[in-house]
Amino acid sequence: MYLPRHILIRTFLHRRPFSHSAAAILHPPEPDLEPLTYLEGFPKPDPKYDETILAIPRRDSGKNISAKERKVGRVPSIVFEQEDGQHDGNKRLISVRSDQIRKLINHLGRSFFLSRLFHLQVLHQFDSDSNPNDDNVIENVRVLPRSIHLKAGTDAPLNVTFIRAPSDALLKVDIPIVFIGDDISPGLKKG
């Protein structure tokens, strides 16, 4: 719809701002919200599982190299720089410990694992006696798991894809939704 310019100007000139008391009536203060509670039976933030994922860099990729990594007890992984990193982004090939990824997936579940931020520490090599704070650390970065492939029969992790998640990044995350009482809800029964 086309409005002449003089009509638009006239409507803005006759607009009066509200006084502070009128604005307070229009925008009442927000009530105090209760603290969030967690549902029973679902993962809660636990410092025991809020751990740093340890990784080592690897040079090559491929079917045979990935099979060798899995045989040694590591999961081949990739860290992408940006959301669409597989096309023209920066990527780093790494290997993470299989038992560490399996423990996190068993505790959190697959969907909760993919919607949680982790700290990733890239080391020169996995040593049981080395302290991660010394010269062994190559890189510390915050990551978000994007996908994980599990073996069909044993649920052993085959590979994990991460994306860098700096504090100023805007990322799309699939958040798991759990419906409680879906057996008695007519709306959820219908679909």
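Which residues does Ser77 touch, not counting residues up to four places away in sequence? The contacts of Ser77 are Arg58, Arg92, Leu93, Ile94, Val96, Val160 and Phe162, where contact means heavy atoms within 4.5 Å. Ser77 has its place in strand 2 and counts as buried, because its relative accessibility is 1%. Here, buried stands for under 20% relative accessible area, exposed for over 50%, and partly exposed for the range in between (1.4 Å probe, protein chains only).

The model is predicted, so to speak from the outset: local features need pLDDT of at least 70, side-chain atom pairs count only at pLDDT 80 or more, and totals for chains, interfaces and linings use all residues. Residues are numbered from 1 along each chain as its sequence is written, and side-chain values use heavy atoms, with hydrogens and water left out.

The overall picture comes next. The chain holds 7 helices and 6 strands, taken as DSSP runs numbered from the N terminus (helices: H or I, at least four residues; strands: E, at least two). Along the sequence these elements follow the pattern α-α-β-α-β-α-β-α-α-β-β-β-α. Of the 191 residues in the chain, 25% are buried. Among contacts with a separation of 6 or more, 60% are between residues 24 or more positions apart. The accessible surface comes to about 14600 Å², and carbon and sulfur atoms hold 54% of it; such areas come from the Shrake-Rupley method with a 1.4 Å probe, and for residues only the protein chains shown count as cover.

Two strands are said to pair if DSSP finds at least two bridges between them.

Strand 4 (residues 118–123) and strand 5 (residues 137–150) are antiparallel partners over 6 bridges, and Leu123 stands opposite Val137 in strand 5.

Strand 6 deserves a paragraph of its own. It is mostly covered, with 6 of its 8 residues buried. Strand 2 runs parallel to strand 6 and is joined to it by 4 bridges; Ile78 has Thr161 as its bridge partner there. Strand 5 runs antiparallel to strand 6, with 7 bridges between them, and Pro145 stands opposite Phe162 in strand 6. Strand 5 and strand 6 also form a hairpin with 6 residues between them, and Asp155 in the turn has a positive phi of about 60 degrees.

How many salt bridges does a search of the whole structure find? There are 3, each defined by a side-chain nitrogen of Lys or Arg within 4 Å of a carboxyl oxygen of Asp or Glu. Arg74 and Glu69 meet at 2.8 Å, N to O, and Glu69 counts as buried because its relative accessibility is 11%. Glu139 and Arg92 meet at 3.0 Å, N to O. This pair links distant parts of the chain, with Glu139 in strand 5 and Arg92 in strand 3, 47 residues apart. Glu139 is buried, since its relative accessible area is 17%, whereas Arg92, at 27%, is partly exposed.

Glu139 forms a salt bridge with Arg164 as well, the closest N and O atoms being 2.7 Å apart. Here too distant parts of the chain are linked: Glu139 lies in strand 5 and Arg164 in strand 6, 25 residues apart. Both Glu139 and Arg164 are buried. Through shared partners, the salt bridges join Arg92, Glu139 and Arg164 into one network.

Leu39, Val178 and Ile180 form a nonpolar patch with about 270 Å² of accessible area together. Patches are made of residues with over 30% relative accessible area and no salt bridge, like charges being joined within 9 Å and nonpolar side chains (Val, Leu, Ile, Met, Phe, Trp, Tyr) within 5 Å. Ile180 lies in the loop between strand 6 and helix 7 (186–190) and is exposed, because its relative accessible area is 62%.
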